[in-house]
Amino acid sequence: MELNRKRRDFMRNAALAAAATFTPGMTFAQKADAVEDELERRLMLAQGMGMGGGTTEPPPMPEKPTITDFMRLRFYDAPDGGIRQNSHMLQSANLALKAGYDEKVVVACALHDTGHQIRRVDHGHWGSNLIEGYVDEEISWAIKYHQSLRFFPDPDYNYEYPEMYIRIFGEDYVPDEYQKAHHDYAKGHEWYHTARVITVNDVYGWDEDAVVDYEPIFELVAKHFRTPPEGLGFDNSHNAHFWRSIIWPNRPL
Ligand SMILES: [Fe+2]
Ligand SMILES: [Fe+2]
């Protein structure tokens, strides 16, 4: 698949801006995260989120928040109280939906970078920890491993190493050893396809002018997600505190 020129320019400019922030000693994964940060920041700017994009107090949430509340008020929220329809995750899920992938793949794409709301480093692992127990294990597994798979090509899926990374890091990049180990493990796993397809749709989910019809995606996520009756964050699960951290990201105590 060819990236169109506009999208290619968008990614190139973001990659160059991110490269200017690199410091000596940064690992390959840290540089890649800096690039994704810049891409996300530019998407937010395109919908009027401001330069700080998310540094202000987020909107309050219901007492017993559902996964739909988290999508509406945290994952894809726009400054006017609506949905940020060019959100990177929504774009990825929309591409998967339009391409006719399995519902689980669409849900995985819709939630694949939620780990960013907790920590940048190892965002796939944080995102997986966030949703484990609430979705089919295949979905949380795939989100965990998309993080490492994105650095390795797979011709069977027409997944080439993203061109913006090659431009920044050169052809002779060497991903961290643990990322390679996770890739090698995932490649032989029965759920490899689901994780790999996240990376395929990931690459094309950066159109600043995208306007995604999000309702069908919300419906699919809600269908595959087991929201507890107490609300996410309040069911005393082993990962309930992850959800509370997203509800109150700035709470000091
Ligand atoms: Fe990601
Ligand atoms: Fe992503």
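**Two loops and a helix pair**

N236 is found in the loop between helix 11 (215–224) and helix 12 (240–247). Helices are DSSP runs (H or I) of at least four residues, numbered from the N terminus. This is a predicted model, in which local features need pLDDT of at least 70, side-chain atom pairs count only at pLDDT 80 or more, and totals for chains, interfaces and linings use all residues. Residues are numbered from 1 along each chain as its sequence is written.

N236 is not a glycine, yet its phi is positive, near 60°. N236 is exposed, with 9 other C-beta atoms within 10 Å. Exposed means 12 or fewer such atoms, buried means 20 or more, and partly exposed lies in between, with C-beta atoms placed from the backbone.

Turn to D122, in the loop between helix 5 (103–111) and helix 6 (123–131). D122 also has a positive phi, about 55°, and is not a glycine. With 19 other C-beta atoms within 10 Å, D122 is partly exposed.

Now look at helix 2. Among its buried residues are A32, V35, L39 and L43. The buried residues pack against helix 1 (5–19), helix 4 (88–98) and helix 8 (163–169).

How do helix 1 and helix 2 meet, and at what angle do their axes cross? The axes come within 8 Å and cross at roughly 125°. That makes helix 1 oblique to helix 2; oblique covers what is left after under 35 degrees (roughly parallel), over 145 (roughly antiparallel) and 65 to 115 (roughly perpendicular). The contact (C-beta atoms within 7 Å) includes M11 and A14 of helix 1 and V35 and L39 of helix 2.

Note on methods:
Chains lettered and ligands numbered in written order. Contact = placed C-beta atoms within 7 Å. Axes fitted to C-alpha atoms, helices over the stretch in contact; angles between N-to-C directions.
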